Amino acid sequence: MSEPASEFRIDMTINGRRHTGTAEARTSLGDFLRGDAGYTGVHLGCEHGVCGACTVIVDGRAVRSCLMLAVQANGSTVTTVEGLAEPDGTLHPVQQAMREEHALQCGFCTPGVVMTLAALTAGDAEPSEDELLAAMSGHTCRCTGYQGIRRAAKKLAAAARATEGAA
Amino acid sequence: MNLPLGTGAARYIGQRVLRKEDPRLLTGRGQFVDDITLPGMLHVAFVRSPVARGRILSIDTAEARDMPGVHAIYTWDDLKVRPVQMLSFFFAPTEVPCTPLADGRVAYVGEPVALVIADSRAEAEDAASLVVVDYDEEDPVVTIADARHGPPVHPTTEHNIAAQMGDDEVDEDLAAALAAAPYRVRHTVRHQRISQAPMETRGVLATRDGPEELTLYITCQSPHLVARWVSVALGLPQSAIRVIAKDVGGSFGLKNHPWKEETAVIVAALLFGRPLKWIEDRYEALTASNQCREQEMTLDVAFDSEGHLVAAHGDYSVNNGAYPQGADANVAVHIFMWAAYKLPAYAFLTRGWYSNTPGLAAYRGPWALESLIRETALDRAARQIGIDPIEIRRRNLVRLADQPRSTPFGMELTDITPAECLEALLRHFDVAAFRREQAEARTQGRYLGLGFATYIEPTGSAGSMAPMTGELAQLRIEPTGKVTATMSTHSQGHGTATTMAQLIADRLGVAYEDVTVYEGDNTRGGFSPGAAGSRQGVIAGGAAIKASDLLADKVRTLAAHLSNASIDSVRVEGGMIHVDGAPEMSRSLKELAEIAYGEPGRLPPGFEAGLEAQYRYTPPPVTFTSAAHACVVEVCAETGFVKILRWISSEDCGTVINPAVVEGQIAGGLAQGIGQVLLEDMPYDARGNPKAATFKDYLLPAISDIPDFEYVHANTPSQSVGGMRGVGEGGAIIGPPTLVNAIADALEPFGGLADFALPLTPSRILDVVEGRNISGDAAPATTAPVAEPEAVTAAPASVGPAQVDGTWQIVMSTPMGPQEMTARFRSDGAAVSGELESAEGSQAFAGTLDGNRIRFDLSVEKPMKLTLKYDILIDGDSLTGKAKMGMFGSAKLSGQRTGS
């Protein structure tokens with residue numbers, strides 16, 4: 001068995017800052033973001049793509065960082081939960097809605113929930129309530145019984161509709 | 001107790017204030033165990049047993065040791081130089097020998113056999129896969145049925161009964177009452193094995209900071225309890241152990257205390273001398289973490305012609321796995337079974353069984369089967385008797401007017417309200433309208449069902465078990481005027497930093513924003529078991545209130561002195577101190593604090609400088625929470641799928657500190673209950689292999705499975721300080737029977753649901769709808785009679801005083817382990833007297849001698865008031881017999897003559 005070329009150079013933009021590091025071919029994007037880049041807000045809940053806790057935004061799309069390899073994200077623009085709030089601490093609308101609706105308890109699944117909702121409500125997107133709730137079915141929360149997550153999703157859909165009405 | 005108004009006018013108690021924990025958790029700044037990195041830290045992976053039972057013939061680590069990045073590989077032979085005694089939650093040594101890594105034998109698939117230390121987790125896993133272990137595999141004992149008849153799981157025990165209480169045989173009077181009753185239901189429920197499945201798996205980072213100094217970052221339910229457990233288990237002074245757990249991603253009972261893997265990592269870190277981190281992956285979490293539930297129970301319950309309870313008997317078994325966190329027969333199932341109901345007579349047999357599966361650990365409402373089997377049996381009985389499910393509860397529940405009243409086990413009820421919660425619920429749900437809708441739907445081939453359940457839950461328990469202490473609040477008004485609280489609490493999502501701050505702000509008269517609560521570090525704050533038994537709101541809440549009141553008195557005393565005013569004229573509002581009638585004397589808390597800390601000359605005589613106070617609150621022994629729930633389902637007769645259409649919770653949880661937190665606890669528990677009824681299952685094959693290894697096999701409820709919950713608040717303040725009642729476990733207890741009853745109601749046109757096994761999968765529902773065995777397991781396991789420990793056998797020929805009189809060494813087998821005692825018998829014809837001496841002291845007794853049979857009664861105070869009825873047979877120089885311990889059944893006796 002020949003020795004695999006173990007280390008690859010990875011260059012990506014994370015939360016608006018350039019990050020250069022190395023990763024083995026087998027290193028997941030999630031492990032790379034946590035270990036190499038230090039974004040420990042990326043939570044690995046199952047490492048097989050079911051629970052959704054590790055969701056980050058890669059080039060505008062919500063991605064399960066446990067199922068994407070770091071090398072696949074080379075050259076990409078990545079946003080983690082650390083990159084959403086304003087520098088002065090003002091919460092992103094998704095974070096604010098989650099907070100107001102008590103959509104979290106232990107907070108472990110929360111970064112993934114936030115990133116999926118942020119991806120779907122970004123920019124001019126006008127997601128319907130059903131779209132947001134359907135997307136939430138890809139996130140497992142063991143604490144809340146989803147009551148606050150559902151309220152937050154509905155609130156965000158309503159806000160998107162209101163923006164549309166105003167435009 | 002009604003809470004008197006606090007010092008200030010700002011009311012935070014009862015408000016849906018935003019949580020203090022959320023900004024950091026929403027922005028990725030939480031600190032979970034895997035987020036900590038220490039210099040020189042190495043990673044651990046385990047070599048785990050692929051067989052459920054067998055002997056380890058050899059372990060070959062040579063190839064693995066040569067892998068890049070590998071520092072060491074430890075087996076039990078390496079770790080055992082640092083002795084460790086594994087303990088239960090009650091700090092008692094495990095009933096069977098248990099080692100962090102397998103000691104020569106393996107007893108479940110996934111049992112850790114060796115530990116690899118490497119530069120990265122990936123390298124540790126690579127190397128672990130190359131460790132070659134040779135096993136002499138044996139046939140495993142997997143199910144409760146296997147355990148009854150199979151060979152002992154542990155070489156040190158004679159059978160697989162891990163723990164037992166109650167009577168082997170049904171009492172004659174009880175049997176007669178059951179047989180004579182006009183209505184009788186024999187109801188069997190089989191509850192599947194459940195994985196607690198917190199979203200954050202187990203994990204620990206252990207670092208040896210000195211010869212006996214240890215720092216642990218660990219995901220747990222209480223850093224204080226972990227420190228105490230590790231100190232006892234490892235024989236280290238607790239002062240040398242620091243345990244930090246700032247944020248924990250859920251626990252639900254699983255992380256009460258360290259188990260094999262965490263302990264192995266701690267010992268390895270002590271031996272290896274570098275920080276070691278182990279983070280369980282989900283595969284390990286599902287297949288090798290401790291698990292819960294897997295129970296079978298048959299409830300035999302009789303009613304009079306009016307549907308009033310007459311008598312009942314319960315036969316309960318729970319799979320303890322190989323290494324339970326305390327061998328457990330779950331007597332709480334029976335203690336709480338009828339606590340809220342008027343039942344004249346109940347007896348039980350309850351047993352925990354060892355098997356070659358992962359050990360039993362706690363899970364939200366560990367005794368919850370009592371509500372599931374009782375509430376579903378009541379509905380079954382109501383159908384048989386021909387009365388409404390609501391009516392059968394009305395006729396049997398203990399109402400406020402019936403109290404004070406003792407439960408069958410002697411617990412004092414003063415303020416339970418399940419019947420009142422039910423009435424409050426019915427004011428919010430039009431049953432008659434639903435029944436019309438249901439009848440109409442049935443004509444269209446749609447099957448709607450309505451289910452009710454009522455229950456009470458013991459919460460805020462303190463004073464009866466070693467870890468279940470009071471809670472400590474330590475408060476300071478800092479020189480800045482801001483308030484710092486160090487609490488014994490711990491949150492795994494409970495939001496205690498929020499609720500405690502609400503209480504403190506309310507009572508001190510300061511802004512909620514100006515109170516910061518610290519927890520999650522055993523060097524901050526005093527001992528508490530943390531989140532266990534729905535206790536923190538009740539007990540720590542009381543402590544926060546009492547400490548705040550002490551501190552408020554200090555503030556007002558100093559302010560009154562400085563203003564030359566009476567203490568009664570001083571008020572604190574929004575962090576400002578006001579003196580009635582003297583607005584010019586208002587000053588900020590900051591000004592007062594600066595004086596209190598920095599100008600001792602201005603303090604009143606005898607006034608302790610600073611503004612600090614602490615209080616450890618010990619509440620009443622138990623505070624009951626009551627509830628009634630209702631849910632509406634539609635069952636699809638084509639597919640067997642269940643859709644939950646509506647769910648109403650009517651709960652009496654006393655004073656509500658924060659409705660959002662309370663509702664969050666109820667909703668989370670209900671979601672877990674729904675998972676148990678419809679989805680979750682942790683099955684094992686006949687060789688003891690776990691069949692659910694990912695979240696694609698172990699189905700947790702998703703948002704689409706959980707309805708919007710509606711809440712009816714039927715709160716009455718409790719007797720504890722602040723009037724809170726615990727609310728952490730209730731949803732998981734009352735959720736399952738409510739949902740099962742609704743499904744059973746929907747299935748009524750198909751003959752209804754009788755005995756059942758969880759989860760009620762679509763195929764199991766179709767078993768009922770189509771009247772044939774589609775699932776392949778339509779007949780739930782029955783609780784088969786077993787060969788019981790031998791009872792007192794027939795008396796041989798009469799013996800004389802010479803054979804009875806003397807000193808005897810006797811061992812009593814109790815659920816708490818063997819108890820040794822010394823007996824002295826003196827016979828006089830048909831009378832016998834003497835003394836029984838045990839660790840609890842010496843007691844005299846007088847009884848009867850009939851042939852070689854001695855019978856006498858002894859009353860004891862510890863561990864509870866009980867009359868023990870001894871029944872002993874003498875046979876030469878040995879004796880056998882039993883001691884009947886009231887409702888808790890019989891304990892076996894054996895003994896030898898040691899003197900004449």
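This is a predicted model: local features need pLDDT of at least 70, side-chain atom pairs count only at pLDDT 80 or more; totals for chains, interfaces and linings use all residues.
**Entry 1: the whole chain**

I began with the overall build of chain B. Its secondary structure comes to 21 helices and 37 strands. I then looked up the box that its C-alpha atoms fill, and along the principal axes it is roughly 95 × 75 × 70 Å. Next I wanted to know how chain B compares with a compact globule. A globule of 900 residues would have a radius of gyration near 29 Å, and chain B has 30 Å, so the two agree.

How much of chain B counts as buried? I found 62% of its 900 residues in that group. The accessible surface is about 31,800 Å², and carbon and sulfur atoms hold 51% of it. I also checked contacts between residues at least 6 apart in sequence: 75% of these join residues at least 24 apart.

**Entry 2: two helices that cross**

Here I picked out helix α11 (residues 369-385) and helix α12 (residues 389-396) of chain B. Their axes come within 8 Å and cross at roughly 110 degrees. Angles from 65 to 115 degrees count as roughly perpendicular, and therefore α11(B) and α12(B) are roughly perpendicular to each other.

Which residues meet there? On the α11(B) side I listed B:Glu375, B:Leu378, B:Asp379, B:Ala381, B:Ala382 and B:Ile385. Their partners in α12(B) are B:Pro389, B:Ile392 and B:Arg393. Sorted by type, the contact has six nonpolar residues, three charged and no polar.

**Entry 3: cis peptide bonds**

A reminder to myself: most peptide bonds are trans. I noted a cis bond between B:Gln403 and B:Pro404, with omega about 5 degrees. B:Pro404 sits in the loop between α12 and β16 (405-406) of chain B. Another cis bond joins B:Leu758 and B:Pro759, and its omega is about -5 degrees. I found B:Pro759 in the loop between β29 (756-757) and α20 (762-770) of chain B.

**Entry 4: positive phi**

Another reminder: most residues other than glycine have a negative phi. B:Phe252 is not a glycine, yet its phi is positive, about 65 degrees. I traced B:Phe252 to the loop between β11 (241-244) and α8 (260-272) of chain B.

B:Arg293 has a positive phi too, near 70 degrees. This residue belongs to strand β13 (residues 292-303) of chain B.

Are B:Phe252 and B:Arg293 buried or exposed? Buried means under 20% relative accessible area. B:Phe252 has 14%, so it is buried. B:Arg293 has 4%, so it is buried as well.

Notes:
Residues are numbered from 1 along each chain as its sequence is written. Chains are lettered from A and ligands numbered from 1 in the order in which they are written. Side-chain values use heavy atoms; hydrogens and water are left out. Axes are lines fitted to C-alpha atoms, for helices over the stretch in contact, and angles run from 0 to 180 degrees between N-to-C directions. Helices (H or I, at least four residues) and strands (E, at least two) are DSSP runs, numbered from the N terminus. Angles under 35 degrees count as roughly parallel, over 145 as roughly antiparallel, 65 to 115 as roughly perpendicular and the rest as oblique. Contact means heavy atoms within 4.5 Å. Ala, Val, Leu, Ile, Met, Phe, Trp, Tyr, Cys and Pro count as nonpolar, Asp, Glu, Lys and Arg as charged, and the others, Gly among them, as polar. The radius of gyration is taken over C-alpha atoms; the globule rule is 2.2 Å times the number of residues to the power 0.38. Buried means under 20% relative accessible area, exposed over 50%, partly exposed in between (1.4 Å probe, protein chains only). Accessible areas come from the Shrake-Rupley method with a 1.4 Å probe; for residues, only the protein chains shown count as cover.
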